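Biologist: Could you walk me through this one while I have it open on the screen?
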Amino acid sequence: MSEPDPDNAREAIEYCYEKGWTDGLPVVPASRPLVEEFLARTALAPETVIGRLEQLGKQVTVEQAAINAVMAGCRPEYFPVVLAAWAALMGDRAARGGGWQSTSGPAPLIVVNGPVRGELGFNSTGGVFGPGFRPNATVARAIGLIVRNAFGIEPHVLEQATQGLPGRWSICIGENEEESPWESVAVEAGLDEHTSAVSATLLRTCEYVDNRHTQDPEQVLADLADTMARTGALIFREESVGVVLCPEHAQMLAKAGFSKSDVKSWFIEHVGRTRTELRKVGKDGLSEHGVRHAAETAEGGEVFERFMSTPAQVPVIVAGARNAAMSMVVRVFGLWTGTPVPVGGNP
Amino acid sequence: MVNAILDPTGGVRVAAAKAVLTPRRAQLKGATVALLENTKQNAALFLDELGKLLKQRYGVSATVARTKKSFAQPIPADQLEELAATCDAVITGVGDCGSCSASAVADGVAFERRGIPAAVICSDAFVVTANAMAELRDAKGYHFATTAHPVAVLTPDQVRKRAEEVLQEVVAILTARS
């Protein structure tokens with residue numbers, strides 16, 4: 001075999017830039033033989049429609065998804081994970097609605113569970129939010145390229161992100177099932193632990209909580225809850241905000257007797273602000289559509305408003321290394337569906 | 001043999017320029033005008049104020065206030081039919097987000113093609129995305145009214161002033177033939 005020709009590669013990469021097909025980084029130009037290798041990994045026919053956006057009159061086929069997955073740098077064996085991640089996102093009401101066009105510029109959070117993590121090399125431990133791992137990096141990027149190229153949602157045109165968020169199209173994490181004291185998000189949803197599956201939602205942002213400061217589980221929970229209850233993130237009466245706990249925090253909580261469900265209940269009880277605090281930031285009033293605004297008169301200043309009322313609003317995931325007690329608060333754009341999609345279709 | 005580089009977009013669709021505006025424009029005197037607000041902050045007040053001005057100055061006899069429940073999506077078919085069957089013209093808005101400005105334009109085009117003159121109001125920060133939606137609906141160059149961004153934070157008095165400012169353009173869209 002002759003050595004790869006960098007000049008040909010450059011020419012092909014520049015061609016894709018000129019066509020407007022990239023997210024700003026170089027893409028792998030897709031050839032028919034390579035796309036066929038991807039298509040061979042799914043039982044779905046290439047012309048199968050796997051997503052529609054009614055408001056734009058746009059749709060995505062399996063073949064378009066394969067071309068974009070190639071361009072993102074995926075290997076053929078990743079393609080079933082891309083399809084599962086895509087299906088999980090199309091199950092998200094906000095993503096089907098105006099999410100991709102939104103001024104919020106939300107990013108998908110993709111969570112991979114089950115044996116496929118080990119088989120394909122998805123990172124679920126140190127540096128799980130990236131970069132450095134091809135499956136994590138390219139599966140997330142493939143979703144972004146599908147949205148751009150197949151749905152035609154390009155920045156500054158149909159995509160109207162005011163600022164967007166750091167990490168858009170790059171947040172794909174394996175759940176650290178091996179070091180989690182609890183059932184995984186897939187098992188929580190009723191799948192068995194031998195089934196590989198992908199869950200996904202749209203995020204507004206992530207924010208770390210570094211608490212290596214106490215052995216009291218309720219103090220750790222209170223620290224997390226304080227960050228979860230940021231008023232800047234609050235738009236409506238209620239919100240959906242989860243945590244990606246590091247193994248150390250999760251294990252500390254489990255050792256103190258907290259089940260995952262107990263953790264969610266604790267957050268539902270404690271994530272909120274008093275009306276006085278909300279008034280300070282102009283978010284103490286509510287419109288008839290449930291949107292917050294500055295109320296005309298101050299009432300019930302000591303009343304504590306909880307921002308969540310159901311466990312579905314609080315996804316709890318475990319990922320990262322066990323080397324420090326720092327976790328991530330993840331702000332859901334719509335509502336976490338809690339519905340993982342099995343890799344390779346329904347078992 | 002050299003392999004071609006495959007197109008990830010499904011092929012570039014050339015926007016057709018099909019007729020948009022219904023030829024029969026609105027006669028405002030004695031008309032019933034639908035005010036379709038999209039739940040965005042201040043949208044209902046903005047349209048309500050326009051309705052009052054149309055009654056006072058242009059002889060509109062009645063307004064029908066409706067809410068579009070899902071601002072990012074096209075108007076549901078049954079709501080479009082209801083308004084088309086009962087009203088002579090429609091005003092909709094306010095498009096002041098990425099998805100709702102685009103979908104407001106889609107609704108305006110849909111009403112016109114259903115035979116009902118329609119005026120869409122978008123904030124001027126969303127002109128590009130609103131125009132892109134018009135192209136997707138084969139309505140390149142579709143004219144909508146704009147108001148300065150932002151709208152959501154305005155006081156009621158400021159909203160009334162905005163309605164006053166955009167009134168003539170709304171009337172022109174509803175009554176002019178091109």
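Biologist: What radius of gyration does chain B have, and what would a compact globule with 178 residues have?
Modeller: Chain B has 17 Å, which agrees with the value near 16 Å that a compact globule with 178 residues would have; the radius is taken over C-alpha atoms, and the globule rule is 2.2 Å times the number of residues to the power 0.38. Bear in mind that this is a predicted model, in which local features need pLDDT of at least 70 and side-chain atom pairs count only at pLDDT 80 or more, while totals for chains, interfaces and linings use all residues. Residues are numbered from 1 along each chain as its sequence is written, and chains are lettered from A and ligands numbered from 1 in the order in which they are written.

Biologist: And what box do the C-alpha atoms of chain B fill?
Modeller: Taken along the principal axes, that box is roughly 75 × 35 × 30 Å.

Biologist: How many helices and strands are there in chain B?
Modeller: Chain B has 5 helices and 5 strands, where helices (H or I, at least four residues) and strands (E, at least two) are DSSP runs numbered from the N terminus. Read from the N terminus, the elements of chain B go β-α-β-α-β-α-β-α-β-α.

Biologist: In what order do the strands sit in the sheet?
Modeller: The order is β2-β1-β3-β4-β5 in chain B, an open sheet of 5 strands with parallel pairing; two strands pair if DSSP finds at least two bridges between them. The edge strands, each pairing on one side only, are β2 (62-67) and β5 (145-147) of chain B, and the twist averages 20° from one strand to the next.

Biologist: Which helix packs on that sheet, and which strands does the helix touch?
Modeller: Helix α1 (residues 43-58) of chain B touches β1 (32-37), β2 and β3 (89-95) of chain B, and its direction makes about 165° with that of β1(B). A contact here has C-beta atoms, placed from the backbone, within 7 Å, and the angles run from 0 to 180 degrees between N-to-C directions, with axes fitted as lines to C-alpha atoms, for helices over the stretch in contact.

Biologist: How many bridges join β1(B) to β2(B)?
Modeller: The two strands run parallel and are joined by 6 bridges, and B:E37 has B:T67 in β2(B) as its bridge partner.

Biologist: What about β4 and β5 of chain B, how many bridges there?
Modeller: Strand β4 (residues 118-123) of chain B pairs with β5(B) in the parallel sense over 3 bridges, and B:C122 stands opposite B:T146 in β5(B).

Biologist: Switching topic, how many residues of chain A are in contact with chain B?
Modeller: On the chain A side 35 residues are in contact with 24 residues of chain B. α3(A) gives the largest share of that side of chain A, 4 residues.

Biologist: Which helix does α3(A) pack with, and at what angle?
Modeller: α3(A) packs with helix α4 (residues 79-90) of chain A at an angle of about 115°, the axes being 10 Å apart. A:A65, A:A66 and A:A69 in α3(A) meet A:F79, A:V82, A:L83 and A:W86 in α4(A).

Biologist: Last one, how many helices and strands has chain A?
Modeller: Chain A has 12 helices and 13 strands, and its C-alpha trace spans about 70 × 45 × 35 Å along the principal axes.

Definitions and conventions. Two residues are in contact if their C-beta atoms, placed from the backbone, lie within 7 Å.
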